[in-house]
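Keep the viewer open as you read.

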Amino acid sequence: MSEQDQCVAELVKLFGVDIPKEFREGVAAQLASLFAQAELVTSFPLPDETEPAPVFTP
Amino acid sequence: MNPGAASALGIAARVRRGELSAEAVTRAALDRVETLNPALNCFTTLLNRNAIESARIVDARVLNGEDPGPLAGVPVGVKDLFDVEGVVTLAGSKILADNPPAGTDAVLVRRLRRAGAILIGCQTMDEFAYGFTTENAHYGATHNPHDTTRVAGGSSGGSAASVAAGLVSISLGSDTNGSIRVPSSYCGVFGLKPTFGRLPRTGTFPFVHDLDHLGPFARSVADLALAYDAIQGHDPGDPACAQRPAEYASAAAQEDIDGLRAGVLDGWFEEGASDDALDAVRRVAEGLGPVTKVTLPEAKRARAAAFCITCSTGAALHYERLKSRPHDFDPATRDRFFAGTLLPATVLARAQRFRRWFAHAAADLFRKFDVLLAPSTPDVAPLIGQKTMQLRGVEVPTRPNIGLYTQPISFIGLPVAAVPLWTSRGLPIGVQIIGPPWEEARVLRVAAYLERAGIVSSKKPIA
């Protein structure tokens, strides 16, 4: 099992999302791409006062 | 009468005057669809009988001296995520095919029909709107009318391709990350992605609730504005729809652009762009006056944030279906949705906060510029099945990189007129004319000016 496949297997256990085994290689590749984008998001220093941009209106 | 060559304005004017019957236009459009669509694959559902019946109603109104509406007899299509009464809304999926037919039309479909438009059919798309190519595992690929070996773009591929091929005069599509602007670029037609919250999405199948926009495609700016004006107005069925009155753009689009300050986005919006894409932006910018380059900071990060919000929120929407019917998804969307279920919540929260930061950065630019310009796509349409593409010599996967320049803009909901130009290769490529929030009339005015100047056109130049 590759490192990526192991990572997906661990996440699946953690989150309880049952990803069929035959899809896990493809999901691992997408996850690597997604986490690379996520790193760009989380590495940006935002001021504490910056609130999100919600659109929900009750 | 060839509805493929006539404008929507021209058709409606003749039908309204009683010079041309809506039924004749509709039959001509349906004949054209029958001839050309098998090679293009623009529709998942055709509504021949309903279209003829609707056309007869329009003709009866004209005969009775009633107002048949500003789109009288104009053949239109809608992306297959708009509810159409009596039709199952597929959203490009196999899974939703088990749903019952829609009981009523989506609000925008209802508005089109009230304006006298004749709905010809529901148009092909990427599964659940998650893609930029309309290569759908269930319903096949949509072919680009200008080169059928190439993709039409997506996810509103059928909508753009059927306008380009003259199967309909106007289409409605949706744009979450570029799904109006990308196929507009690849198919050489005009597209409008209005401000987020401008047009109600009531009765459409969602993808990412706080990024989804709806908008029209057309072969001229006048037709685009005509369609946009016919569908404007608040609807309480969409909680994100702004409580703003309609701001009609057709007349405003004809006004001059004296003193316009246009900025060409550099940095992220030039990196990776092909010579054709950069040349298209240059031609538009030079047509508008002296070229001023300007940086929209952190655009790469904005694209990343849109990417994460889309993947995570889309995955949450489809969570039950992913668990119950994973084998019935298109493989191209399935693996990304599964990945999205595993994204930490922190990323999503940070991305939403960054969205505010980035919107402020864009607002700063609009203090100095009236419109901003950027390519719609990094290059012309790729081939169907093409797995990788070159971004200035760097080989990258095709599908995730098509929306590099559209994603940062829809991320903050800015209005964009996507305008087509033609490359020396005989293929179209689009430029985004980006305005500040609620300035659809301004971006349409700039598009109309460029069209009058002969710089942008949906017509391929004669060699």
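Start with S17(B), which is mostly covered: seven of its seven residues are buried. Buried here means 20 or more other C-beta atoms within 10 Å of a residue's own, exposed means 12 or fewer, and partly exposed is in between, with C-beta atoms placed from the backbone. Strands are DSSP runs of E with at least two residues, helices are runs of H or I with at least four, and both are numbered from the N terminus. Keep in mind that this is a predicted model, so local features need pLDDT of at least 70 and side-chain atom pairs count only at pLDDT 80 or more, while totals for chains, interfaces and linings use all residues. As for labels, residues are numbered from 1 along each chain as its sequence is written, and chains are lettered from A and ligands numbered from 1 in the order in which they are written.

In a regular strand the side chains alternate between the two faces of the sheet. On S17(B), one side carries B:Pro428, B:Gly430, B:Gln432 and B:Ile434, the other B:Ile429, B:Val431 and B:Ile433, and all of these are buried.

Now look at the partners of this strand. S16(B) runs antiparallel to S17(B), joined by seven bridges, with B:Pro420 opposite B:Gly430. The two strands make a hairpin with five residues between them, and B:Gly426 in the turn has a positive phi of about 80 degrees. S13(B) also pairs with S17(B) in the antiparallel sense, over four bridges, and there B:Pro375 faces B:Val431. Pairing, by the way, takes at least two DSSP bridges between two strands.

Zoom out and you get an open sheet of 11 strands in chain B, ordered S1-S3-S2-S8-S10-S9-S16-S17-S13-S11-S12, with mixed pairing. Its edges are S1 (43-46) and S12 (292-294), each pairing on one side only. Neighbouring strands are turned by 30 degrees against each other on average, direction ignored.

What about the nonpolar core, meaning buried Ala, Val, Leu, Ile, Met, Phe, Trp, Tyr and Cys residues joined through C-beta atoms within 7 Å? The largest has 162 residues, and B:Leu373, B:Ile433 and B:Ala447 are among those touching the most other members. Helix H9 (residues 299-317) of chain B provides the largest share of this core, 10 residues. Leaving out residues up to four places away in sequence, B:Ala447 touches B:Phe190, B:Val221, B:Ala417, B:Val419, B:Ile433 and B:Val456. A contact, here and below, is a pair of C-beta atoms, placed from the backbone, within 7 Å.

Finally, chain A: it has two helices and zero strands, and of its 58 residues 22% count as buried. Its contact with chain B takes 27 residues from chain A and 35 from chain B. On the chain B side, H12(B) gives the most, with 12 residues.

Technical notes. Core = buried A, V, L, I, M, F, W, Y, C linked by C-beta atoms within 7 Å. Contact = placed C-beta atoms within 7 Å. Axes fitted to C-alpha atoms, helices over the stretch in contact; angles between N-to-C directions.
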